[in-house]
Amino acid sequence: MTSLETETASMKTQKPGDRVLAVLRGICSMVAHFAAIAFTAYIFYISSPGSSLFSWHPTLMSLAFSCLMVEAILVFSPESSLFIKASRKTKVRIHWILQTCAVVSGILGFSAIVINKIRNNKEHFKSWHGTFGLITVIYVIVQALFGIFLLYPQAAKKWNWKLMQLKVYHATFGLLGFTLACITVVLSLFSNFVVKSAGVDGFIWGLCFFCPTWCCFIVMNQVTNAYLPITRKSAPL
């Protein structure tokens, strides 16, 4: 029996309530795709990339953490993956390509704000947004480096790590890193650039707050649903 036939058979055996929940989960996940792209596009709009050195900071950071990283994780979503019919191997390749682009974009965006502050003789990391941003960038780089073990699992055998253990660790710590990124993005909405320079307030500000928050919720749900049952099975009685 093919995977398509198996999926069709499982859908037929589902209860009506389960089907409704599956549809709702799919809709919620698709909203996350839209929120990630819409939020990034809006930040691009108010930042006017290229207009100044600072403009590259919100542009590249939003691209990294609000778009590329979200899509890199949602590629594994069973409800709303844009590559839902692709093989697991293909999804893994898409995941690490998008994550690599996200890390590079994040480093460039972080460099832009550091250089801009140096040029203007301003202090670094004095706000919560700046502090969380520093922690997030360092954490994401380290997480990405450890992710290489999943591309070359034979290298991890020296420490007697099993492949499933690596997947659980990567997903768990990756979720923590993504949560840090979402917190940093939300804190940026209280910055002088967003509130004063761009003049974002009212309903639009609320939508901006909703987008990263919703994406964080969807990713948390996806990761916990995928790996929590595995950790429960492997836990000692």
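This is a predicted model: local features need pLDDT of at least 70, side-chain atom pairs count only at pLDDT 80 or more; totals for chains, interfaces and linings use all residues.
1. Beyond residues up to four places away in sequence, Phe39 touches Ser66, Val185, Leu189, Cys208, Cys211 and Pro212.

2. Phe39 also belongs to the largest nonpolar core, which has 39 residues. Together with Phe65, Met69, Phe178 and Cys215, Phe39 is among the residues with the most contacts inside this core. Two or more core residues come from each of α2 (16–47), α3 (56–74), α4 (88–119), α5 (128–151), α6 (163–188), α7 (192–197) and α8 (202–234). The largest share, 9 residues, is supplied by α8. As general background, nonpolar side chains in soluble globular proteins tend to be buried together.

3. In general, an α-helix has 3.6 residues a turn, so residues three or four places apart point the same way.

4. Within helix α4 lies isoleucine 94. Is isoleucine 94 buried or exposed? Isoleucine 94 counts as buried because its relative accessibility is 16%, and the cut-off for buried is under 20%. Apart from neighbours within four places in sequence, isoleucine 94 is in contact with Val75 and Phe83. Valine 75 stands 19 residues from isoleucine 94 in sequence, and the two C-alpha atoms are 7.7 Å apart in space.

5. The largest pocket holds about 1,300 Å³ of space. Its lining comprises 46 residues, of which Phe76, His95, Leu150, His170 and Tyr227 are the closest to the centre. At least two lining residues come from each of α3, α4, α5, α6 and α8. By class, the lining consists of 28 nonpolar, 13 polar and 5 charged residues.

6. For the second largest pocket, the volume is about 900 Å³. Of its 34 lining residues, Phe54, His57, Ile113, His129 and Ser191 are the closest to the centre. The helices α2, α3, α4, α5, α6 and α7 each contribute at least two residues to this lining. The lining divides into 17 nonpolar, 13 polar and 4 charged residues.

7. Most residues other than glycine have a negative phi. Serine 48, although not a glycine, has a positive phi of about 50°. Serine 48 is located in the loop between α2 and α3 and is partly exposed, with a relative accessible area of 38%.

8. Where is asparagine 121 placed? Asparagine 121 is in the loop between α4 and α5, and its position is just after α4. Its phi is near 55°, a positive value in a residue other than glycine. Asparagine 121 is exposed, with a relative accessible area of 71%.

Key
Residues are numbered from 1 along each chain as its sequence is written. Side-chain values use heavy atoms; hydrogens and water are left out. A nonpolar core is a set of buried Ala, Val, Leu, Ile, Met, Phe, Trp, Tyr and Cys residues joined through side-chain atoms within 4.5 Å. Buried means under 20% relative accessible area, exposed over 50%, partly exposed in between (1.4 Å probe, protein chains only). Helices (H or I, at least four residues) and strands (E, at least two) are DSSP runs, numbered from the N terminus. Contact means heavy atoms within 4.5 Å. On a 1 Å grid over the protein atoms alone, a cavity is a set of points where a 1.4 Å probe fits but cannot get out, and a pocket is an open set with protein on both sides within 12 Å along at least five of seven lines; lining residues have an atom within 4 Å of a point. Grid points are joined across faces, edges and corners, and a volume is the space filled by probe spheres set on the points. Ala, Val, Leu, Ile, Met, Phe, Trp, Tyr, Cys and Pro count as nonpolar, Asp, Glu, Lys and Arg as charged, and the others, Gly among them, as polar.
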